[in-house]
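Work through these exercises with the model open beside you. Try each task before you read its solution.

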Amino acid sequence: MENLENIAEKIVEKGKGILAADESTNTIKKRFDSINTVSTELSRCDYRETLFSTTNISNFISGVILFEETFFQKNKNNESLKEKLENVNCYPGIKIDQGLEPINKDKIETYTKGIETLDERLKPFADNGAKFTKWRAVINIGKKIPTNECLEKNSSLLAKYALISQKNNLVPIVEPEVIMDGNHSLEECYKVTKKTLNMVFDSLKKQNVNLKGILLKPNMIVPGNKSNEKLDIAESAKKTLLCLRDCVSEQVPGIVFLSGGLSSVNATMILNEINKLNDYPWKLSFSYGRALQEDALKIWAGKK
Ligand code: 13P
């Protein structure tokens, strides 16, 4: 059995990152709506198979996060999509959270569902070759939010998830996403992300999660998408790295950013700048969904 720490290190091998292709059935429908394509089991299979058949994909992509349907899906020729990835040395991973639930009646803040059944739900994936998992917590910035209650609950769930995942020999991708929507400033994004990451790492340590066997998937530090502040690539890169240095243990092998609604060009440029500045032991790479698929989706446009 491959060791957790080795898997985590291989995922963030120099020059490689993760493709997040784990959109839920609802989310992929929205993506397909944007290209006037009907989302069916077959069209989702065609699209994702096309993505995974990219020439020399494994020169750049070390792992792909899959949704449950894709993990066990076969194409018209009865070939498994997951095995196609394994055959080209891309690790298959699984999105294992069950989406968001409001924390209280006001319905603004959420926690991530699925912890009670996590251990049993992991088994079929662990038994069928999954190497890693993903759990996404969502933190919004707004009037009087995030509250401590929201940060504590989501941090504690992320740590419980990470521990259970590691017990099943699956590398947990710990994703606390501070959402870009809103009119908040770059500075507010920095403050909230710093507080969030500090609480997440406190929880991970309290639960005795092996930090050498996780990957962190954070947001970059950017102004809200409705803010008057213009995105400054160099400033975002500097602030992102500053924030990570303040919060993230040196034991963590890699940090794989989400793109969170940034365009593929902006997400790539910020990551490039961060890597120019980085003098820390972690590898810094991507685990992009939209920023890797945006152009591919348009070009595919539902064609065979
Ligand atoms: P985006 O890069 O589109 O934010 O998606 C990454 C992801 O996996 C969200 O959970």
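This is a predicted model: local features need pLDDT of at least 70, side-chain atom pairs count only at pLDDT 80 or more; totals for chains, interfaces and linings use all residues.

Residues are numbered from 1 along each chain as its sequence is written, and side-chain values use heavy atoms, with hydrogens and water left out.

**Exercise 1. The ligand**

Find how many residues surround the ligand, and which are the closest.

Solution. 
- Step 1: Count residues with a heavy atom within 4 Å of the ligand. There are 13, and the closest are K134, K217, S259, G260 and R290.
- Step 2: Sort this shell. Three residues are nonpolar, four polar and six charged. Here Ala, Val, Leu, Ile, Met, Phe, Trp, Tyr, Cys and Pro count as nonpolar, Asp, Glu, Lys and Arg as charged, and the others, Gly among them, as polar.
- Step 3: Look for polar contacts (pairs of N or O atoms within 3.5 Å). A polar side-chain atom of K134 lies 2.4 Å from a ligand oxygen. For K217, a polar side-chain atom is 2.6 Å from an oxygen of the ligand. G289 uses a backbone N or O atom, 2.8 Å from a ligand oxygen.
- Step 4: Check the cover. Alone, the ligand exposes 300 Å², and the protein buries 92% of that. Areas come from the Shrake-Rupley method with a 1.4 Å probe.

**Exercise 2. The barrel**

Trace the strand order of the closed barrel.

Solution. 
- Step 1: Take strands as DSSP E runs of at least two residues, and helices as H or I runs of at least four. Strands pair if DSSP finds at least two bridges between them.
- Step 2: Follow the eight strands: β1-β2-β3-β6-β7-β8-β9-β10, with parallel pairing.
- Step 3: Zoom in on one pair. Four bridges join β2 (residues 61-66) to β3 (residues 91-95). G63 stands opposite Y91 in β3.

Notes:
A residue is near a molecule or strand if one of its heavy atoms lies within 4 Å of it. A polar contact is a pair of N or O atoms within 3.5 Å; within protein, one must be able to donate a hydrogen and the other to accept it, and residues adjacent in sequence count only if both atoms are side-chain atoms.
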